[in-house]
Amino acid sequence: MPLEEPSPYEILGVPPSASAREILLAVGPATKSGRHTRQQVQEAAALLRNPDKRLELDLQQPLPPEPVDRAAGLLAPALADPLLVVERPQPPPAASFLALHRDELAADFAEPAPPGTAPEPPVPARFAADLSVLPQIEVPE
(Lines give C-alpha, C1' and ligand atoms only; values in the text may rest on other atoms or scores of the structure.)
Protein backbone atom coordinates (compact mmCIF):
# COMPACT_ATOMS: atom_id res chain seq x y z
CA MET A 1 0.00 0.00 0.00
CA PRO A 2 1.52 3.37 -0.98
CA LEU A 3 2.13 5.88 1.74
CA GLU A 4 0.48 8.72 -0.15
CA GLU A 5 -2.21 8.83 -2.80
CA PRO A 6 -1.14 9.38 -6.41
CA SER A 7 -1.65 12.85 -7.75
CA PRO A 8 -4.40 13.48 -10.32
CA TYR A 9 -1.67 14.01 -12.92
CA GLU A 10 -0.32 10.52 -12.22
CA ILE A 11 -3.78 8.96 -12.34
CA LEU A 12 -4.53 10.46 -15.75
CA GLY A 13 -0.96 10.19 -17.04
CA VAL A 14 -0.75 13.83 -18.08
CA PRO A 15 1.93 16.44 -17.36
CA PRO A 16 1.16 19.41 -15.07
CA SER A 17 1.08 21.65 -18.15
CA ALA A 18 -1.78 19.63 -19.75
CA SER A 19 -4.66 21.58 -21.23
CA ALA A 20 -8.34 20.89 -20.55
CA ARG A 21 -8.58 19.04 -23.88
CA GLU A 22 -5.61 16.79 -23.03
CA ILE A 23 -7.19 16.02 -19.64
CA LEU A 24 -10.48 15.09 -21.30
CA LEU A 25 -8.69 12.84 -23.83
CA ALA A 26 -6.69 11.13 -21.04
CA VAL A 27 -9.80 9.93 -19.15
CA GLY A 28 -10.52 7.04 -21.55
CA PRO A 29 -7.03 5.51 -21.59
CA ALA A 30 -6.68 5.96 -17.80
CA THR A 31 -9.97 4.13 -17.23
CA LYS A 32 -9.02 1.31 -19.63
CA SER A 33 -5.60 0.83 -18.05
CA GLY A 34 -7.25 -0.51 -14.86
CA ARG A 35 -4.55 0.89 -12.59
CA HIS A 36 -7.09 3.11 -10.83
CA THR A 37 -10.82 2.83 -10.26
CA ARG A 38 -13.27 4.64 -12.52
CA GLN A 39 -14.23 6.91 -9.61
CA GLN A 40 -10.59 7.91 -9.01
CA VAL A 41 -10.14 8.75 -12.69
CA GLN A 42 -13.36 10.81 -12.78
CA GLU A 43 -12.42 12.69 -9.57
CA ALA A 44 -8.92 13.41 -10.92
CA ALA A 45 -10.33 14.74 -14.18
CA ALA A 46 -12.93 16.88 -12.38
CA LEU A 47 -10.26 18.32 -10.09
CA LEU A 48 -7.93 19.19 -12.97
CA ARG A 49 -10.74 20.80 -15.00
CA ASN A 50 -11.63 23.13 -12.10
CA PRO A 51 -9.13 26.06 -12.33
CA ASP A 52 -9.35 26.99 -8.64
CA LYS A 53 -8.83 23.46 -7.34
CA ARG A 54 -6.10 22.81 -9.89
CA LEU A 55 -4.23 25.91 -8.79
CA GLU A 56 -4.56 24.84 -5.14
CA LEU A 57 -3.22 21.37 -6.03
CA ASP A 58 -0.33 22.83 -8.02
CA LEU A 59 0.66 25.10 -5.13
CA GLN A 60 0.70 22.16 -2.71
CA GLN A 61 2.88 19.97 -4.94
CA PRO A 62 6.62 20.42 -4.44
CA LEU A 63 8.56 21.37 -7.54
CA PRO A 64 11.14 18.90 -8.79
CA PRO A 65 14.70 20.04 -8.17
CA GLU A 66 16.31 21.74 -11.11
CA PRO A 67 19.96 21.08 -11.87
CA VAL A 68 22.17 24.02 -11.05
CA ASP A 69 25.47 24.38 -12.83
CA ARG A 70 28.28 26.06 -10.95
CA ALA A 71 26.36 25.80 -7.64
CA ALA A 72 29.56 26.06 -5.61
CA GLY A 73 30.47 29.28 -7.40
CA LEU A 74 27.02 30.74 -6.76
CA LEU A 75 27.09 29.86 -3.07
CA ALA A 76 30.71 30.94 -2.43
CA PRO A 77 29.87 34.59 -1.55
CA ALA A 78 27.17 33.49 0.87
CA LEU A 79 29.39 30.94 2.58
CA ALA A 80 32.39 33.28 2.84
CA ASP A 81 30.77 35.63 5.35
CA PRO A 82 28.87 34.29 8.34
CA LEU A 83 25.20 35.19 8.23
CA LEU A 84 24.98 36.26 11.84
CA VAL A 85 27.78 37.46 14.05
CA VAL A 86 27.00 37.37 17.74
CA GLU A 87 29.34 39.26 20.01
CA ARG A 88 29.01 38.03 23.55
CA PRO A 89 29.88 40.45 26.31
CA GLN A 90 32.44 39.37 28.85
CA PRO A 91 30.84 38.21 32.10
CA PRO A 92 31.57 40.31 35.18
CA PRO A 93 34.34 39.09 37.46
CA ALA A 94 33.39 36.43 39.97
CA ALA A 95 34.19 38.74 42.88
CA SER A 96 31.27 41.00 41.92
CA PHE A 97 28.70 38.26 42.50
CA LEU A 98 26.90 38.01 45.82
CA ALA A 99 27.75 34.86 47.73
CA LEU A 100 25.28 33.46 50.25
CA HIS A 101 26.64 30.97 52.68
CA ARG A 102 24.44 28.20 54.02
CA ASP A 103 24.77 29.31 57.67
CA GLU A 104 23.82 32.92 56.82
CA LEU A 105 20.81 31.72 54.86
CA ALA A 106 19.74 29.40 57.67
CA ALA A 107 20.04 32.26 60.16
CA ASP A 108 17.93 34.56 57.97
CA PHE A 109 15.07 32.08 57.69
CA ALA A 110 15.25 30.37 61.06
CA GLU A 111 12.13 30.01 63.20
CA PRO A 112 11.95 32.48 66.10
CA ALA A 113 13.37 31.13 69.31
CA PRO A 114 10.87 30.21 72.03
CA PRO A 115 10.61 32.66 74.94
CA GLY A 116 13.26 32.28 77.56
CA THR A 117 15.98 31.20 75.14
CA ALA A 118 18.80 33.14 73.58
CA PRO A 119 17.73 36.16 71.52
CA GLU A 120 17.28 35.88 67.79
CA PRO A 121 20.40 36.59 65.75
CA PRO A 122 20.49 40.08 64.28
CA VAL A 123 19.42 40.66 60.70
CA PRO A 124 22.46 41.09 58.47
CA ALA A 125 22.97 44.67 57.35
CA ARG A 126 22.47 43.83 53.70
CA PHE A 127 18.95 42.55 54.49
CA ALA A 128 17.97 45.33 56.88
CA ALA A 129 14.91 47.37 55.98
CA ASP A 130 15.60 50.85 54.73
CA LEU A 131 13.85 53.35 52.50
CA SER A 132 14.91 51.53 49.34
CA VAL A 133 12.35 48.78 49.97
CA LEU A 134 9.44 51.11 50.64
CA PRO A 135 7.37 52.67 47.86
CA GLN A 136 7.39 56.40 47.30
CA ILE A 137 4.70 58.08 49.41
CA GLU A 138 3.38 61.49 48.56
CA VAL A 139 2.70 63.46 51.70
CA PRO A 140 0.02 66.16 51.22
CA GLU A 141 0.87 69.50 52.74
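A nonpolar patch joins Val, Leu, Ile, Met, Phe, Trp or Tyr side chains within 5 Å, from residues with over 30% relative accessible area and no salt bridge. A salt bridge is a side-chain nitrogen of Lys or Arg within 4 Å of a carboxyl oxygen of Asp or Glu. In this predicted model, L74, L75 and L79 make such a patch of about 340 Å². Areas come from the Shrake-Rupley method with a 1.4 Å probe.

L75 sits in helix α5, residues 71–80. L75 counts as partly exposed because its relative accessibility is 48%. Buried means under 20%, exposed means over 50%, and partly exposed lies in between.

## The basis of the model

Local features need pLDDT of at least 70, side-chain atom pairs count only at pLDDT 80 or more, and totals for chains, interfaces and linings use all residues. Numbering starts from 1 along each chain, and side-chain values use heavy atoms, without hydrogens or water.

## The whole chain

The protein chain has six helices and zero strands. Helices are DSSP runs of H or I with at least four residues; strands are runs of E with at least two. Of the 141 residues, 13% are buried. The chain exposes about 13100 Å², and carbon and sulfur atoms supply 61% of that area.

## The core

A nonpolar core is a set of buried Ala, Val, Leu, Ile, Met, Phe, Trp, Tyr and Cys residues joined through side-chain atoms within 4.5 Å. The largest one here has 14 residues. L12, V14, I23, V41 and L48 have the most contacts inside it. Helices α1 (8–12), α2 (20–33) and α3 (38–49) each supply at least two of its residues.

Contact means heavy atoms within 4.5 Å. Leaving out residues up to four places away in sequence, V41 touches I11, L12, V27, A30, T31 and H36.

## A buried arginine

R54 lies in helix α4, residues 51–60. R54 is buried yet has no salt bridge. The nearest side chain of opposite charge, D58, is 4.2 Å away. Lys and Arg count as positive, Asp and Glu as negative.

Conventions:
Buried < 20%, exposed > 50% of the residue type's maximum accessible area, 1.4 Å probe, protein only. Patch = residues over 30% accessible without salt bridge, like charges linked within 9 Å, V, L, I, M, F, W, Y side chains within 5 Å.
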